[in-house]
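Open the model in your viewer and keep the selection panel at hand. The stops below go from domains to an interface and then to individual side-chain pairs.

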Amino acid sequence: MNLNFYAIASIYRFEMARMRRTLFQSIATPVISTSLYFIVFGAAIGSRIAEIDGVGYGSFIVPGLIMLMLLTESISNASFGIHMPRFTGTIFEVLSAPISFVEVIAGYVGAAATKSVILGATILMTASLFVDIHIAHPFWMLLFLVLTSVSFSLFGFILGIWADGFEKLQIVPALIITPLAFLGGSFYSISMLPPFWQTVTLFNPVVYLISGFRWSFYDNADVSVALSLSMTCVFLCICLVIIWWIFRTGYKLRT
Amino acid sequence: MQDSAGTPIIRVEGLGKTYADGFEALKNINLDVYSGEIFALLGPNGAGKTTLINIICGITRPSGGRITVDGRDIIRDFRHTRSMIGLVPQELSTDMFESVWSTVSFSRGLFGRPADPQHIEKILRSLSLWNKKDSKIMTLSGGMKRRVLIAKALAHEPRILFLDEPTAGVDVELRKDMWQIVRDLRESGVTIILTTHYIEEAEMIADRIGVINHGEIIRVQEKHELMQELGRKQLVVHLHAPLARVPDSLESYALELADNGTRLVYTYETRAERTGITALLQQISDAGIRFHDIETSESSLEEIFVGLVKQVVPPASAVARGEVR
């Protein structure tokens, strides 16, 4: 395929420049939120909770917290990145450029995923100031971090095209993703749930992400690692197919 | 100038566009645009001008027909055709928080060209934007934003430039600057297609005029030919004393009385071999009517345009004439 690499680089640089302009919003806000979680759940309440699977509670919630921030910020960054040009009308330039959906995705989603990985690393460093962190499988940790960032940035890109206004951009992360992350084992092991709710929880796709990510830290998982990885890849592929369809049909992009 | 005998740089064949709600925006459009010309597309609001441009640029999907740019299909060879085209949209759609330099550089990269600071500088200087290069777009005036959009469209050195209402909402001074920019671009070999509400704009700078109405092209012609063919002249005779009615001896000239009978107005075809002016003036004198002044006026492109779009159904002969195939 004859790719327009200059276009990919232009979109990527443009989006990263937007992150630099909104550094406080992009990085500082999630870091402060995470620090608050550690103060409340790690130090204040966590000290009274017993270890889970041999891991102190403060350390146990680190992967879940990173995943929680990663999901919401990936969606938020990618959806805003593509929704803003639609809102201001500058999308005409992207639509009239000699590029296919591959370049558009590589640019917008690549930048959003990069921001998420930076954010994940920042939160990890912040967490290390509060609790002891041991990463059992660094390669797999990085792989889950990148795959999750890319998958949910793709999802955010879809959301940014689907949404008719900024309100809808906020609704999905706030009303769907955050509850799924909270109920997907961010702050507990699903083995602590009654059997019925364990089964119900398995329908929550975020469970697999958190479980796999936590395994890469502490070698303990609620579901098998292979299943976690497969589910992540399936979600990524579904998002890619939807985006391919959007560009093929021009859904909400081309009249 | 255009090479009407050569291969068109843009060829539109049987183009149609029907929106999902059933509205037929374009109906069987056939049009050729030649390399190096300034082509003005005139039409009232909702005539289909922007839809046509958007389809050629790849923003809107056609319902039927075929378009080639530089001999290549705009859908199959979109990378080649789109890289040749620059578009200045009607709306002032800009990245408000970006600087002029970065947004123009972004456009160049987006269209597949490597960074070239010298070229960007040249464009910004030619558009009087150089001293604003580090300014955020949100701080610029409407006219300056319009220039930024032109700079963005030129950043990748296109061979074809679409200007959709380029002077809408800009002051007279800036409008003249824009016209000069357009002329300079044409001199550098860029083919320009512009839509405008200001008919005098087309009259001043266009080589050819296309008139579109209700989604149909009703006329495409060299500007001067169009004005000569459809233009009319009027001879106004200023009388010493008012007349109550036109004398019977002058009935064959279909004269009109104006200004309470103090002026006789004679309308004649510019193309006619004999205008009848000499004979008319002689017969006025013979009728004992004294006059102290005469003046002539020519219909403007605007009057021709208004006359054309008033036709509900264009005559088939008009569609088949000129460059409309």
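Predicted model: local features only at pLDDT ≥ 70, side-chain atom pairs only at ≥ 80, totals over all residues.

The C-alpha centres of domain 1 of chain B and domain 2 of chain B are 40 Å apart. To select domain 1, take residues 10-84, 159-228 and 305-320 of chain B; for domain 2, take residues 233-298.

Next, show chain A together with chain B. Here 27 residues of chain B contact 27 residues of chain A. About 2500 Å² is buried between the two chains, and carbon and sulfur atoms contribute 58% of that area. Within chain B, select Arg61(B), Arg79(B) and Leu110(B): these residues lose the most area to chain A, together 28% of what the chain B side buries.

Now display polar side chains across this interface. There are 14 residue pairs in polar contact between chain B and chain A, with both residues at pLDDT 80 or more. On the chain B side, the elements that give two or more residues are helix 2 (78-83) and helix 3 (100-110). By residue class, the side of chain B that touches chain A has eleven nonpolar, eight polar and eight charged residues.

Three salt bridges are counted between chain B and chain A. For one salt bridge to inspect, select Lys152(B) and Glu93(A), where the closest N and O atoms are 3.0 Å apart.

Select Arg66(B) and Asp73(B), a salt bridge with its closest N and O atoms 3.4 Å apart. Arg66(B) is partly exposed at 36% relative accessibility, whereas Asp73(B) is buried at 11%.

Go on to helix 4 (residues 117-126) of chain B. Glu121(B) and Arg125(B) are four residues apart in this helix, which means that about one helical turn separates them. Their salt bridge has its closest N and O atoms 2.9 Å apart. Glu121(B) has a relative accessible area of 26% and is partly exposed; Arg125(B) is also partly exposed, at 46%.

Then select Lys133(B) and Asp134(B), whose side chains form a salt bridge at 3.2 Å, N to O. Lys133(B) is partly exposed at 22% relative accessibility, while Asp134(B) is exposed at 60%.

Note on methods
Residues numbered from 1 in each chain as written. Chains lettered and ligands numbered in written order. Heavy atoms only, no water. Domains from an automatic or database assignment. Contact = heavy atoms within 4.5 Å. Buried area = accessible area lost by both parts, 1.4 Å probe. Salt bridge = Lys/Arg side-chain N within 4 Å of Asp/Glu carboxyl O. Polar contact = N/O pair within 3.5 Å; in protein donor to acceptor, adjacent residues only side chain to side chain. Nonpolar A, V, L, I, M, F, W, Y, C, P; charged D, E, K, R; others polar. Buried < 20%, exposed > 50% of the residue type's maximum accessible area, 1.4 Å probe, protein only.
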